[in-house]
Amino acid sequence: MIEPEVISEHVERLSAELRRGLIVLVVMSQLEQKEYGYSLLKQLEEKGFQVTQDTLYPLMRRLETQGYLKSDWELDDARPRRYYQLNELGLAVLEALRRDWMEQLVIIKEIVK
Amino acid sequence: MKLSEKSQVMLERYLLAVERRLPWQGRKDIIAEIRANFMDTLEDHYAPEETLDETALEEELRKLGSPGTVAAGYRQGDALIGPQHNQMFRLIVTILTPIVVAAVLFAGLLSLILSGGKSPFWSIWEMFGNAWQVAVGIIGTAAVIFMVLTRWFPQVNAGKALEGLNEEEKHWKVSDLPEVVAEPDKVHVWELALGLTFGVLELVFFLFLFDQLAGFWWYADGKWRMAPVFTEAFKAFIPWIAVNIGLGLVLNIVMFIRQRRSLFTRLFEIGIKASELALTAALLRAGTLISFDATTAIRQGFPPEAITGIQMLLQNDFVRWFLVFLVVVISIDLVSKLVQLVKSAIRQAK
């Protein structure tokens, strides 16, 4: 008989791997409006998607380097904050990714049910 | 939410540790963003009137991760030399290469001294040429080897980068974070290395090669000729000059070890400058420091136009004017160092 703790340990690891695969889609889907690092982290947390700071913040920069986001420092708040938002290419890629994900979801649901 | 003074220093030290592990390009911007996000986190976790002490801040920094882990997230995965080889490559560049280069320079100096200063210009040119070749050779070879390993043999040391990060994550301590040094107290390694190299060369020149090299040089009939011009009155000052250079070397070594300027090193620097000023003033009062014997020079094969040029220089008393110029330059430098000392003392008192 396998201990429930052992199972949950495996599930936790594999589930983290699944989330890691989806994080780009999730982050891009939240950046249709401009957000700064911590606001996005909180937003994802509130929606139930767990992601750590050391994964999220560098990812936002990476997406910008890859040409999907534009960013700007804004000085109007209490302290300077760097805001990110999808650019034209990012919006188009997100749209295609979203469609692709929905199609995959139907297939996956069918397979794993 | 406010940070106590000590917490503020701790945060700066942590950010400096992260910054040092980031790629050069864009590191200041990344640090500004990490700082902004971290302050947002703190504001969210603590009430506006609360002041964060060191313990609370350390706890928050631990949640953020070790400086190595935070920086690793920002390093691109397509580096020419993979992170698993970084430590070894850094050791080669920062420790092995300077040791070998120093050994080559030392061997060059030794051979120059043993040869009695024959063909000094070519020997010195060759010495620096060899040192440069050795440095480029070692760093270049190591870079190529690690690039080949990264590109074609990624399995070599594959787990090492991750292992290193995991170890750092478990064991990093606030006390190990680098000290934040105020801009005026910063020292640059290249500056100290240059100071040390030229200090050693000057010392060797004055102690071992002065008689062979110091004088007027002239190239005629396919060979270099030298007319010694420094008088015994000047040579009497050589021990004092050597002591000054030696003190400069000691100062550079102290700053190299401490990696910063302090009140002690500033006082030390002022002492050396004062001694240089006194030495130059003493030289000014010492009488004839340079004398040129035209008859001997003609016998040695100096062409007449060279002799006329040298005599004109000496007639215009250029040594005296040069020393006056030095007194002015050293005095200005001394005053500026005194001002820096006072500013540094005021900064520390705050």
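In chain A, 44% of the contacts between residues at least 6 apart in sequence join residues at least 24 apart; two residues are in contact if their C-beta atoms, placed from the backbone, lie within 7 Å. This is a predicted model, in which local features need pLDDT of at least 70, side-chain atom pairs count only at pLDDT 80 or more, and totals for chains, interfaces and linings use all residues. Residues are numbered from 1 along each chain as its sequence is written, and chains are lettered from A in the order in which they are written.

**Elements**
- Chain A has 4 helices and 3 strands, in the order α-β-α-α-β-β-α from the N terminus.
- Helices (H or I, at least four residues) and strands (E, at least two) are DSSP runs, numbered from the N terminus.

**Helix packing**
- Helix H1 (residues 4–30) of chain A packs against helix H3 (residues 53–65) of chain A at about 75°, with the axes 11 Å apart.
- H1(A) is therefore roughly perpendicular to H3(A), a term for angles of 65 to 115 degrees.
- Axes are lines fitted to C-alpha atoms, for helices over the stretch in contact, and angles run from 0 to 180 degrees between N-to-C directions.
- H1(A) contributes A:Ile23, A:Val27 and A:Met28 to this contact, and H3(A) contributes A:Thr55, A:Leu59, A:Met60 and A:Leu63.

**Sheet**
- The 3 strands of chain A form an open antiparallel sheet in the order E1-E3-E2; two strands pair if DSSP finds at least two bridges between them.
- E2(A) is joined by 6 bridges to strand E3 (residues 81–86) of chain A, and A:Leu69 has A:Leu86 as its bridge partner in E3(A).
- H3(A) lies across E2 and E3 of chain A, at about 120° to E2(A).

Notes: Angles under 35 degrees count as roughly parallel, over 145 as roughly antiparallel, 65 to 115 as roughly perpendicular and the rest as oblique.
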